[in-house]
Each structure stands twice: as structure tokens, then as C-alpha cells.
Amino acid sequence: MTASPTTLAPVPTAPGGLPLIGHAHHLIRTPLPFITSLRDHGSVVRIRLGPTPAYVVTDPVLTRTVLVTEAAHFAKGGKIFDVLRGVFGDGLATVADGDTHLRNRRLMQPMFNKAHIATRRTAMIDQARSMVGAWEEDQPLDVFSNMNDVTLAAFLVALFGTDFPANLQGEFTALMPPLMKEAIRQTVLPSWVTRLPLPANRAHNRRIARLRAVIDQAIDHRSSRSASTPPANVHHPAEAAGCPHTAAAEHERAGLFETLMAAEDQFTRQQLQDEAITLMNAAIETTATALAWTLYELTRHPDIEQRLRAELAAVCDGRPLRQEDLDQLPYARQVLQEAVRKYGPAWMVTRKATRDIDLGGHRIPRGADIVWSPYLHQNDPAHFPEPATFDPDRWASGRAPSTRDSFFAFGDGRRKCIGENFAWVEMQIILATLLEAWPRLRLVSRPPRAETAITIKPDELAIAFGTS
């Protein structure tokens, strides 16, 4: 909707901006307190990223307007996506709105339907079980780092198949975290700084080039496997089970990426690279972060841990976890959803206004960056009473719908994360296999502080796992 500019209220400006850098110093030094404080200044608040203004939406109703009801006037874009496009290329998360996005999403959708994801559950369980079972008992473990390793390994098995080379997995594990950390630094700094020939900028460009080279090797590996063995019918795994030495065996080795490569209207090599990198970032950042915070909260809430273990024991009845058990673990889903709620996972996402527009009674100029924050909304006491309290029961059946209306962890509307179903499955698998392998866990570091990258991660978190 539009209105005459004279009838609209001016957008309040956040205090504390500095010449040249604007509010960048707040976003670098105290990002979460700063983004949360904007709620006190209005439903839409103006900040500056260097000399460039941006408009932060603090009301979840208006965020839904941006993402859903008026999405045509708020295009995917803004500074954060400009920076991420340098890493991901034109993957599904960063490609501009329009025909290309619709085409790519249509081609990728079969990878992420529930039935197709279910064909990868067993391989993911086996991968996660082998990794968490190899941890050394009662030794301090860097939980965030290890959750990165486990989630990436499980994701690669699902994406590229069970025969994915270990050396490529190791390179992905080393490359992705520093790439994402540098990406968020570039987002909040003035653009001219990121273009200087500084050591950090040069190192970032080298990592991007290496990541693309490794992705190319992964695609070549999958292509060679597909060419050497007739593919299984991934849409009918029960049929493949009748031929254990041919179709079923290849079906087990294949991955979700097989569907994309076999699409009738195929992607170019560049597009396959872009989509693989985009998916990999989502697999590491969101899932690993949520799992690390979940484990931290379990060390603080033994009652929640015991409820989880009791649910798992009742479903599995003394045998190892199987893929069909995942749908019978509703409390595990509640615990994970509460961790995702409390800790973000994202804290700053942008859109770009495509024309002058009225947003909540404020005039937003064409071309302006619109910022919204899942972290801000999901810690709003007006929608989540006592937001600092870790309460999985707020997600129980029958609870207030306003809770769900303010949950934006996976976005909303036509650009909602395509991998949401996969993320919940992967998190449930890793949490369940970890509890199955280790009857005891205890915090052996100081309580972690939240640190912002693309997601909100623990700055330090060590947990010891034991069997007695």
C-alpha cells in the first residue's frame, strides 16, 4: 500500500551513530544488545551502515508484511546478500527474485520433499553414530567445532552419497567457518573497506576460490559414480530393495544431489557449484549452531535432558535408533525448536525496497535496505514470555499461536528456506544418536557468550561426554 509522503511519520533514527561508519561499531562490538535495543525506538528504526541508511523492522507483523503480503515490493537483496553472493554466487538463497529463482526452486524442490529426505535418514544415522561414538570419554570436547564436523559429514552423506571422499569433507570443514565469519565482517563495514587490498580481504578471496575448486571435485566425483553405475529409482526405494547388489546398493551410495544433476532442465556447472555451496553453508551454520546451544542448555537443565532420554528409550525400547523412530520423538523436536528460537539462528537479514512504500505508517524510499532479525523477534517478550528462559513446552501442542507467528528462523513467504524439513531431520538424528551413545554430559568450560557470525554461535563451549 502507498500513501502521500506528507501523511506518513518520519522514521526514527537510532542513537549512537558516528561519522563515516554510522552504527557499524555497535554492530561489530555489541551486535545483539544493539539490534534488540532498536525495539525501544519504534516498529521501524533507521540505522546507518557506513554512509548508507538501512531500516530495521522490529515488529513481527511488519516483518511478515515484508516477507509475505507485500513481498513483491521487498526484493531479496541488501548489503548482506551482496556480500554473500560473493561466496555463494547465484545460489537459491542469494539469486534475485524473478524467473531464475522460481525455476531453480522448482528444480530443487524434489530434493527436499519429506519422502525423498526419508531415503537418506539411515545413511545419516550411520554417519552420525560413527562420529559421535568415536569421541574420547570424559575428555573436554569443543562442542561447536565438533557439531560443525558431524553436521557437515551427515549433510555430505545425504547430498553426495555414502562414498564421498574424506579428504574433500576435511577441506569443506576447514573452509566454511572462516568464510562465513569474514562475510559478516564485510556486511557491517563500509563497502570501501572490503575493496582494499588488505590481508583479510585477500585471504577471503583465496578461500572462495579454493571452495569452488573443492566443490568442482565433489561434483565430478558424483558425476563419475552416476556414469559408472545405472542410477537407482530414488522415488521408489522399496523397488530397489529387491535388488540388493545393484539398484539398492547404488541408491544407498547416491545422494540428494543426484536428483538435481538428473533434472530434465539441467543446471550449468556454475549453477551446480552455486547451489552446492549455498546448501553447504546452511547445513553447517544453522544446524551446528542450534545443536551446540541445545547441548549447552541440556547441561543447565537436567530435567529436560531426562525427558529427552525417556522419550528416546520409550520409542527405541533398548535397540539402536532407526530412521522410522524420528517421527515418534515430538519432545526432541520441541527442545530443538526452543534452541533455534532462543539463539536466532540468524540475527540480521536484509531485503531491498523496489519502490517508495508505506511500511507501518513510515515512508521507505525506493532502493533502501530493509533489515529484519529472527533473533530480535524470537526474543520479544510481547510474543515469547520470559524469552531468556529455555522452555521447550512453549512449543507443545495447543500453546498460543502468537508464538508461532513470531518464529522466523527459516524465513517466510516465497523465499522461505527450502531445506527446513531437512534441517529438522538432521538435528533430530544427531541429537538422538548423541544421547544414545553418551548417557552423561557435563559442561567443563565457563558458560558461553553469544558471538555473531552469519548465525549466533557460542564463543567457547566445552562439554565432556561419559558412559556412567
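Ten aromatic pairs are counted in this predicted model, where local features need pLDDT of at least 70, side-chain atom pairs count only at pLDDT 80 or more, and totals for chains, interfaces and linings use all residues. Rings of Phe, Tyr and Trp (its six-membered ring) pair if their centres lie within 6.5 Å, with planes under 30 degrees apart counted as stacked, over 60 as edge-to-face and the rest as tilted. The pair of Trp372 and Phe408 is edge-to-face, because the ring centres are 6.0 Å apart and the planes stand at 65°. This pair links distant parts of the chain, 36 residues apart, with Trp372 in strand β8 (residues 369-372) and Phe408 in the loop between α19 (401-405) and α20 (420-437); helices (H or I, at least four residues) and strands (E, at least two) are DSSP runs, numbered from the N terminus. Both Trp372 and Phe408 are buried, buried meaning under 20% relative accessible area, exposed over 50% and partly exposed in between (1.4 Å probe, protein chains only). The rings of Trp395 and Phe407, with centres 5.1 Å apart and planes at 70°, are likewise edge-to-face, and Trp395 and Phe407 are buried. Phe112, Phe155 and Phe422 form one aromatic cluster.

Charged side chains also meet aromatic rings, a charge sitting over a ring if NZ of Lys or CZ of Arg is within 6 Å of the ring centre and within 35 degrees of the ring normal. The charged end of Arg307 sits over the ring of Tyr331 at 3.9 Å from its centre, and Arg333 lies over the face of Trp424, 4.1 Å from the ring centre.

Residues are numbered from 1 along each chain as its sequence is written, and side-chain values use heavy atoms, with hydrogens and water left out.
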